[in-house]
Amino acid sequence: MELLLGFCNWSTLGLCAALKLPQISAVLGARSARGISLPSLLLELGGFLVFLRYQWYYEYPLLTYLEYPILITQDLILLLCVFHFNGDVKRAAPYIALCVSAWFILTLQKWILDLAMPE
């Protein structure tokens with residue numbers, strides 16, 4: 001049973017590592033971010049960030065949330081692609097700053113994190 005659980009954990013990580021690669025490849029190949037919804041990308045990024053921070057703050061085992069840093073990295077790459085191909089990479093800076101700020105703000109007080117991720 002433990003072998004099966006280990007396989008499931010590592011296969012999940014492998015699949016998450018490859019999840020957005022076709023989309024990133026297509027965007028880079030087309031040299032266009034047309035069809036990528038910025039609000040959807042930001043919503044997904046925010047959700048992943050809150051969940052990752054919650055898991056980290058409450059010291060869950062690393063393998064239970066290790067896919068989220070991978071997915072966040074891929075979303076940040078897509079975010080940069082959106083702004084790059086729209087001709088304004090500097091507009092990405094406030095969004096990235098917001099993500100970094102949210103990372104720290106979520107754990108200023110326990111109630112903030114609990115409000116963002118109710119049990």
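**Figure 1. A nonpolar surface patch that includes Leu 4 of the predicted model.** Met 1, Leu 4 and Phe 7 together form a nonpolar patch on the surface, with about 420 Å² of accessible area. Accessible areas come from the Shrake-Rupley method with a 1.4 Å probe, and for residues only the protein chains shown count as cover. Leu 4 lies in helix α1 (residues 2–19); helices (H or I, at least four residues) are DSSP runs numbered from the N terminus. This is a predicted model, in which local features need pLDDT of at least 70, side-chain atom pairs count only at pLDDT 80 or more, and totals for chains, interfaces and linings use all residues. Residues are numbered from 1 along each chain as its sequence is written, and side-chain values use heavy atoms, without hydrogens and water.

Figure 2. Ala 92, Cys 99 and Trp 103 of α5 are buried (under 20% relative accessible area). They cover an arc of only 40° around the axis, as given by the directions from the helix axis to the C-beta atoms, which puts them on the same side of α5. On the other side of α5, Pro 94, Leu 98 and Phe 104 are exposed (over 50%). The buried residues of α5 pack against α3 (38–57) and α4 (67–85).

**Figure 3. Asp 75 in helix α4.** Asp 75, found in helix α4, is buried, with a relative accessible area of 0%. Leaving aside neighbours within four places in sequence, Asp 75 is in contact (heavy atoms within 4.5 Å) with Lys 20, Leu 41, Glu 44, Leu 45 and Phe 48.

Technical notes: Patches are made of residues with over 30% relative accessible area and no salt bridge: like charges are joined within 9 Å, nonpolar side chains (Val, Leu, Ile, Met, Phe, Trp, Tyr) within 5 Å. A salt bridge is a side-chain nitrogen of Lys or Arg within 4 Å of a carboxyl oxygen of Asp or Glu. Helices (H or I, at least four residues) and strands (E, at least two) are DSSP runs, numbered from the N terminus. Buried means under 20% relative accessible area, exposed over 50%, partly exposed in between (1.4 Å probe, protein chains only).
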